[in-house]
Each structure stands twice: as C-alpha cells, then as structure tokens.
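Me: Could you take me through this structure by way of questions and answers, giving the cut-off behind each term as it comes up?

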Amino acid sequence: MVASGVRQQLIGFFEVTRFTNSLYAGMYTLVGAYLSGGAGALWSGAAWLSAVIVGLVVAFGFVINDMVDVEVDRLAKPHRPLAAGRLSQADARSFALVLASLALGLALVLGWLPMALVATTLALATFYSFVLKGTVLLGNACMGVLIALIPLFGALAGGGMTLAVWVVAGLMLLFDVSHEVLKTTADHEGDRAAGLTTVATYAGVPGAVRIFQLLALLFCLVALLPWPLGLASWAYALALLPCGLLPTLFVIVLLLRSTSDETITLSLKIMRYMWITNLFPILLLSSRS
C-alpha cells in the first residue's frame, strides 16, 4: 500500500508539470543559443544547462498554476492531479520550491545575470498565477513575455543577443498570446462558473475569437520580417509556408466559419502542433545576425 501511494504521488508530480511543455521550452532555449552562437554553441555545456534550467522554470509555473486553479479545475478539468486529490497542496508547494531552488542553483553556475533572469522569471510566473491569470489580456500578455524570454535565455549561453533572436522572441510572444486568448474560449464555461474574468468571459467567445484572429494575422506579418531584415533565404520561405503561415491562416478561416466547441478544439490542436513545426523555419534563419 505504501509503495502504491508513493507511485501515485510520483505520477502526480510528473503529470502536474506537463512534462512535454518543458521539453518544448528546452528545445527553444537551444534555438536561442544556436541563433546567437551558431551550430558550435549547441555543443556547449552552458546551452544544455540553460535548457534544463528553463525546463525546471516551466515545470514550476505549471505546478503553481494548478495550485491556484484547483477549485476551477474541479469543475472543468477534474482529471488533473490536484483537482483529483492525487496530490495535496502541501505536496505541490514543496515540489514547486524544489523546482525553483534547482533552477536558481543551476543558474548560478552560469553566472549572476542568468540567475537574476531566472529569479525574475520565477517571480513573474508566480505573479501571473496569483494575480494576473484572471484578467483580460494582461495575463495573456504576461504569459507571452514569459515565453519570449526562453530564446533570450538561450542566447545568453550562445554568446549574446542577436537580431535573429529578438525576431524569434517577438514571434513567440505573438504566437503564445494568440494561443492563450484562444484557450480562454475553450475554458470559458469553467472560468465563468468560477467567477474569473478572462477575454472570453468578458468579450464572449466570438469577441475572443476576433482578438485571436487579429493577433494571428500580426504573427504572420512579423514572420515575414526576416526578409527585409536580411535574416532569411528562400529556404526559410519554403519552410515557413507549410509550417507556419498556412496552418495559421487555416485556423483563422476555420474560425470565421464557425466558433463551435469542436472547431475551437481542432484549432487549439493545430496550434499545439505548430510549436513543433515552427521550429523548422526558425532554424533556417541566419545565426549570429
């Protein structure tokens, strides 16, 4: 019985971190290092250590998010570990402290600037969960900033900020904010029942969808910027079209036709896959630019 309880707790710790998101974050950290220092930067221990640190910070963010959202999740997402009772608040609090301590300790190995950035990111993630999450657009923008910091942190390990890294950070900010806005349409019933104010509960599902579409169009326009900035070749264009532009435009048109739950679910699935497909054109940007 004790072994079974420990096993259930370990599974709960694994589930609450949404481990695949930490993997994605780690990959984009390495992208930042590559765009800063070229392919050689990917062989450095600093780049891989940075990826681990970012993964820990992302995991921390999900743990405290679920701690705050436990009552909402009992209504809308009862399968989550805290909502289902497979983890206690005390377990989650201790786990979050361990993740934050590991991230800060490892960041100190890289230097004071990386550690300061990690500390700031941890504080911002906490502020988001406890204060900004139930706000109109402010919380979504905060999440976008947190996501945009990922390639910038990787760039510190690669040698410093480059124009290509800043462009990618801007793209990630726009893509994530649009994604977060669209997610409010899927969660609007649970959020409204819990008394939260989000884009969808404030503006309605159709209004939130329109805001998403505007942000998604802006993402497409920014994705074209590497040409006038001299950062991209035709290979980037060939990869961007099927990996970024066409899926985004498809989702925009799809939501013009319908804002049903099924359509929104499909749109969110497409956008989740785009966190992977968007990597291909990004890797074709000029490094050290």
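**Helix packing and aromatic pairs**

Helix 3 and helix 8 run roughly antiparallel to each other, a term kept for angles over 145 degrees, while those under 35 count as roughly parallel, 65 to 115 as roughly perpendicular and the rest as oblique. This is a predicted model, in which local features need pLDDT of at least 70 and side-chain atom pairs count only at pLDDT 80 or more, whereas totals for chains, interfaces and linings use all residues. Residues are numbered from 1 along each chain as its sequence is written, and side-chain values use heavy atoms, with hydrogens and water left out.

Me: At roughly what angle do the axes of helix 3 and helix 8 cross?

Reply: Helices here are DSSP runs (H or I, at least four residues; strands are E, at least two), numbered from the N terminus. Axes are lines fitted to C-alpha atoms, for helices over the stretch in contact, with angles from 0 to 180 degrees between N-to-C directions. The axes of helix 3 (residues 45–68) and helix 8 (residues 138–158) come within 8 Å, and they cross at roughly 150 degrees.

Me: Which residues of helix 8 make the contact with helix 3?

Reply: Contact means heavy atoms within 4.5 Å. On the side of helix 3 the contact is made by Ala46, Ala47, Ser50, Ile53 and Val54, and on the side of helix 8 by Ile150, Phe153 and Ala157.

Me: What is the centre-to-centre distance in the aromatic pair of Phe175 and Trp275?

Reply: Phe175 is buried, with a relative accessible area of 3%, and Trp275 counts as buried at 12%, where buried means under 20%, exposed over 50% and partly exposed in between (1.4 Å probe, protein chains only). The pair of Phe175 and Trp275 is edge-to-face, with 90 degrees between the planes and a centre-to-centre distance of 4.9 Å.

Me: Which helix holds Phe175?

Reply: The pair of Phe175 and Trp275 links distant parts of the chain, 100 residues apart. Trp275 lies in helix 13, and Phe175 lies in helix 9.

Methods. Phe/Tyr/Trp six-rings, centres within 6.5 Å; stacked < 30°, edge-to-face > 60°.
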